[in-house]
Structure formats: C-alpha cells, structure tokens
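Keep the model open as you read.

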Amino acid sequence: MALTVDLVARAYRAIENTGPAPHMVRNTETEWNATVREILVSRPDGQDAWIFAYGSLLWNPAAEHVEERAGVVRGWHRSFCIRMRDWRGTVDQPGLMMGLDRGGQCGGMALRLAEDTVEAQLGKLVRREMPVRPSRKPFTHTPRWVQVHTVQGLIRALAFVVNRKGVNYMGGLTPDETATILATACGHGGSCAEYLYNTISQLEALGIRDRNLWRLQSLVADELTSLHP
C-alpha cells in the first residue's frame with residue numbers, strides 16, 4: 001500500500017465538535033426505535049438476521065455477531081459518495097463517507113446476529129449509522145435487505161445503501177476529485193484518510209481486493225505527500 005500510517009497521521013487536525021450541520025438534526029430515541037421496528041417488519045421470513053459489512057463495519061463493527069461469511073453483493077458497489085459535514089468533515093470542508101451505490105458488485109462480510117439479541121444489536125447499528133437526519137430531504141444512507149452470494153449459499157443481509165435523492169449524495173466525482181477530498185477533510189471523529197486506510201487494510205487482511213479503492217489509496221497517498229512533504 002502507498003497509503004501508510006505516517007501519511008494518514010499528516011491528515012489529522014484537532015477539530016472541535018460543533019454539532020450537526022445546519023440542515024441536519026439529531027435523531028431521537030423514538031425515531032431510532034421506529035427505524036428498528038421497520039427493519040424487523042421487513043426482515044425476510046424464516047431467515048437468520050445478517051448484516052453486510054463493506055466499510056467501517058469491517059474494522060469497527062457496531063453490533064455483536066456470532067458468525068462471519070465472506071460474500072458478494074451484486075448490483076451495488078462501494079463509493080465515497082456521501083458528503084459529511086461533521087464527524088470526518090466540517091461545514092467549511094466536507095468529507096466523504098462510503099456507501100453502497102447502484103451498479104457493479106461489492107465483496108464484504110456477512111455478520112450473523114444472535115437471534116435473542118437481534119433487536120438490541122440493530123438498535124446499536126442504527127444509532128451509529130443514522131445519528132442525524134436531514135431536516136427536509138430524504139436520508140442519503142438508508143437500510144435495505146440485500147442478497148449476499150456466499151460459498152455456503154445465498155443469504156439476505158441488512159446493508160446501508162445510498163439514496164441518490166438524498167441531500168448529501170455526491171455521485172459522479174472523479175477519482176482525483178475524491179482523492180483530494182479524502183486527503184484534506186478531517187473532523188472531530190478523525191480524518192477521511194484514516195477511514196480509507198482502515199477500510200482497505202481490513203479488506204486486504206480478509207483477502208478482498210477492491211480495485212477502485214486500491215487505486216484511490218494510491219492517489220490519496222500522492223496528495224498527502226504533495227501537501228505535507
């Protein structure tokens with residue numbers, strides 16, 4: 001990897017947590033619980049509850065699980081296409097979060113939840129993945145049951161996918177444009193370069209090669225080298 005721990009450290013800046021961006025509001029316990037109920041109602045009948053991990057859930061899972069299976073989701077691909085104005089970005093210098101956007105395919109890990117803790121684990125997940133919501137337009141990051149192709153067979157797993165009509169959707173960026181944002185954006189939760197580094201390092205450890213991310217980490221490394229010689 002061209003992107004190293006040393007280069008990632010150069011992207012970090014201490015940023016004060018000023019709260020959600022102006023157009024976002026914090027979710028309430030009532031809203032989080034309602035989202036969990038909606039997920040459970042839409043859950044495929046007679047199947048175990050699985051979560052599809054393709055980004056930060058690979059290296060920082062929000063929910064406890066009892067089994068892992070490598071798998072591929074077809075019709076969706078990883079993409080840094082969700083604008084972040086807090087956590088790993090700011091209002092003045094937004095960052096990018098990874099989402100599952102339409103097209104292509106995505107390799108990742110399916111994580112099975114213990115049946116007696118499904119509701120509690122989903123509660124943890126939605127609180128982390130959906131801490132805030134837009135005051136008007138739809139969510140950009142929404143839960144959906146997707147088909148995961150594994151060696152052991154086809155399963156349905158919950159994934160957070162991109163809604164292109166969402167207020168924070170930023171599709172269509174070139175690799176160079178994406179790399180510039182990832183190399184420079186930082187928020188109170190850390191830098192986007194760190195997010196990319198952690199994700200691709202874990203993918204490599206799992207034997208999952210994402211050619212787009214592999215190219216992207218090289219571009220981000222070049223940007224950081226140029227910005228911080």
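In which hand does H6 pass H7, left-handed or right-handed? The crossing of H6 over H7 is left-handed. Bear in mind that this is a predicted model.

**Helix packing**

Helix H6 covers residues 192-205 and helix H7 covers residues 211-227. Their axes sit 11 Å apart, at an angle of about 140 degrees. Angles over 145 degrees would count as roughly antiparallel, so H6 and H7 are oblique to each other. On the H6 side, the contact is made by Ala 193, Leu 196, Thr 199, Ile 200, Leu 203 and Glu 204. H7 brings Leu 213, Trp 214, Leu 216, Gln 217, Val 220 and Leu 224.

H5 passes H7 in a right-handed crossing. From H5, the residues that meet H7 are Pro 175, Asp 176, Thr 178, Ala 179, Thr 180, Leu 182, Ala 183 and Thr 184. Facing them in H7 are Arg 215, Leu 216, Leu 219, Val 220, Glu 223, Leu 224 and Leu 227. This contact of H5 with H7 holds nine nonpolar, three polar and three charged residues.

| Helix pair | Axis distance | Angle | Crossing |
|---|---|---|---|
| H6 and H7 | 11 Å | about 140 degrees | left-handed |

What about the buried side of H5? Helix H5 runs over residues 175-184, and its buried residues are Thr 178, Ala 179, Ile 181, Leu 182, Ala 183 and Thr 184. The cover over these buried residues includes the strands S3, S4 (95-112) and S8 (186-187), along with the helices H6 and H7.

**Aromatic pairs**

How many aromatic pairs does a search of the whole structure find? It turns up three. In one of them, the ring centres of Phe 52 and Tyr 54 are 6.2 Å apart and the planes are at 25 degrees, so this pair is stacked. Phe 52 is buried, at 1% relative accessibility, and Tyr 54 is buried at 7%.

Another pair joins Phe 80 and Tyr 195, with ring centres 5.6 Å apart and planes at 85 degrees, so these two meet edge-to-face. Phe 80 belongs to strand S3 (residues 67-84) and Tyr 195 to helix H6, so the pair ties together parts that are 115 residues apart in sequence. Both Phe 80 and Tyr 195 are buried.

**Single residues worth a look**

Ser 56 lies in helix H3 (residues 56-59) and is buried, with a relative accessible area of 18%. The cut-off for buried is under 20%. Leaving out residues up to four places away in sequence, Ser 56 touches Pro 61, Arg 128, Glu 129, Tyr 195 and Thr 199.

Helix H2 (residues 29-42) holds Thr 35. Thr 35 counts as buried at 16% relative accessibility, and beyond residues up to four places away in sequence it touches Val 126 and Met 130. Ser 42 is in helix H2 as well, but at 43% relative accessibility this serine counts as partly exposed. Ser 42 and Trp 145 are 103 residues apart in sequence, yet their C-alpha atoms are 8.1 Å apart in space.

Finally, which residue has a positive phi although it is not a glycine? That's Trp 87, with a phi of about 65 degrees. Most residues other than glycine have a negative phi. Trp 87 is found in the loop between S3 and S4, and a relative accessible area of 45% makes this tryptophan partly exposed.

Terms used:
Residues numbered from 1 in each chain as written. Predicted model: local features only at pLDDT ≥ 70, side-chain atom pairs only at ≥ 80, totals over all residues. Heavy atoms only, no water. Helix = DSSP H or I, 4+ residues; strand = E, 2+ residues; numbered from the N terminus. Buried < 20%, exposed > 50% of the residue type's maximum accessible area, 1.4 Å probe, protein only. Contact = heavy atoms within 4.5 Å. Axes fitted to C-alpha atoms, helices over the stretch in contact; angles between N-to-C directions. Parallel < 35°, antiparallel > 145°, perpendicular 65-115°, else oblique. Left-handed = near helix turned anticlockwise from the far one by under 90°. Phe/Tyr/Trp six-rings, centres within 6.5 Å; stacked < 30°, edge-to-face > 60°. Nonpolar A, V, L, I, M, F, W, Y, C, P; charged D, E, K, R; others polar.
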